[in-house]
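Good morning, everyone. Have the sequence and the model open, please. I will walk you through the fold.

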Amino acid sequence: MRIFKTKTLAKFTRQHGISDDGLVDAVERAVRGLIDADLGGQIIKQRVARPGQGKRGGFRMIIGIRSDRAIFLFAFAKNERENIDKAELMTLREIVASFLNAAEETIAQALKDGTLIEVQHGNESKGENKKDQGKDQSANQGAAGNRT
């Protein structure tokens with residue numbers, strides 16, 4: 001399964017010290033059926049631990065997911081907000097439908113222009129990881145972060 005994060009989500013994970021391993025773990029739990037909340041329309045909410053702490057007071061990640069792709073779209077700290085509202089969920093459903101149905105060429109272009117960043121996991125080479133991290137950081141300078 002390929003796992004992606006948006007440019008804004010990548011900035012959020014960097015600011016809060018959330019590793020790609022934590023994101024991969026959230027997707028792997030979902031694949032095993034351990035879903036914290038099913039929001040419908042191929043969107044789930046998964047808990048991700050704060051570094052050095054547990055998941056309970058950590059972060060909530062909104063993920064679009066199907067059998068071959070997952071995309072991290074939005075995140076928030078549990079202590080900062082309870083949930084997303086209906087309007088946000090409707091917007092996220094539209095984004096997820098577009099992404100999950102996108103052709104490989106469209107995904108490749110989004111990776112090239114920095115709109116999406118592929119989450120590094122499994123047997124992927126460290127060289128690719130470093131290249132993507134540099135691109136990730138330069139693409140996000142001055143980015144606004146998560147909008148509510």
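Where is the place of Gln 42? Gln 42 lies in the loop between β2 and β3. Keep that residue in mind; I will come back to it.

A word on the source. This is a predicted model: local features need pLDDT of at least 70, side-chain atom pairs count only at pLDDT 80 or more, and totals for chains, interfaces and linings use all residues. Residues are numbered from 1 along each chain as its sequence is written, and side-chain values use heavy atoms, with hydrogens and water left out.

Now the parts list. The protein has five helices and six strands. Helices (H or I, at least four residues) and strands (E, at least two) are DSSP runs, numbered from the N terminus. From the N terminus on, the elements read β-α-α-β-β-β-β-α-α-β-α.

Some totals. The protein has 148 residues, and 43% of them are buried. Buried means under 20% relative accessible area, exposed means over 50%, and partly exposed is in between (1.4 Å probe, protein chains only). The accessible surface comes to about 8,200 Å². Carbon and sulfur atoms hold 48% of that surface. These areas come from the Shrake-Rupley method with a 1.4 Å probe; for residues, only the protein chains shown count as cover.

Next, the sheet. What is the order of its six strands? The order is β2-β3-β4-β5-β1-β6, in an open sheet with mixed pairing. The edge strands are β2 (37-40) and β6 (116-118), and each pairs on one side only. Two strands pair if DSSP finds at least two bridges between them. On average, neighbouring strands of this sheet are turned by 35 degrees against each other, direction ignored. For such angles, axes are lines fitted to C-alpha atoms, for helices over the stretch in contact, and angles run from 0 to 180 degrees between N-to-C directions.

Let us take the pairs. Strand β3 (residues 43-48) and strand β4 (residues 59-65) run antiparallel, joined by six bridges. There, Val 48 has Phe 59 in β4 as its bridge partner.

Two helices on the sheet, then. Helix α1 (residues 7-16) packs on it and touches β1 (2-6), β4, β5 (69-77) and β6. The direction of α1 makes about 85 degrees with that of β1. Helix α3 (residues 86-100) also packs on the sheet. Helix α3 touches β1, β2, β3, β4, β5 and β6. Its direction makes about 155 degrees with that of β5. Touching means contact: heavy atoms within 4.5 Å.

Now β1. Four of its five residues are buried. β1 runs parallel to β5, with four bridges. In that pairing, Lys 5 stands opposite Phe 72 in β5. With β6, β1 pairs in the antiparallel sense over three bridges. Here Phe 4 stands opposite Glu 118 in β6.

Back to α1. Leu 9, Ala 10, Lys 11, Phe 12 and Thr 13 are buried in this helix. Gly 17 follows α1 and has a positive phi, near 70 degrees.

Is Phe 76 buried or exposed? Phe 76 counts as buried because its relative accessible area is 4%. The C-alpha atoms of Phe 76 and Phe 12 are 8.7 Å apart, although 64 residues separate the two along the chain. Asp 20 counts as buried because its relative accessibility is 19%. A polar atom of its side chain lies 3.1 Å from the backbone nitrogen of Gln 120.

On to helix α4 (residues 104-113), where Ile 107, Ala 110 and Leu 111 are buried. Seen down the axis, the buried residues of α4 fall within an arc of 100 degrees, so they line one face. The arc is that of the directions from the helix axis to the C-beta atoms. The face turned away from the buried side carries the exposed residues Glu 105 and Lys 112.

Finally, Gln 42 again. Gln 42 is not a glycine, yet its phi is positive, about 65 degrees. Gln 42 counts as partly exposed because its relative accessibility is 42%. Thank you.

Notes
A polar contact is a pair of N or O atoms within 3.5 Å; within protein, one must be able to donate a hydrogen and the other to accept it, and residues adjacent in sequence count only if both atoms are side-chain atoms.
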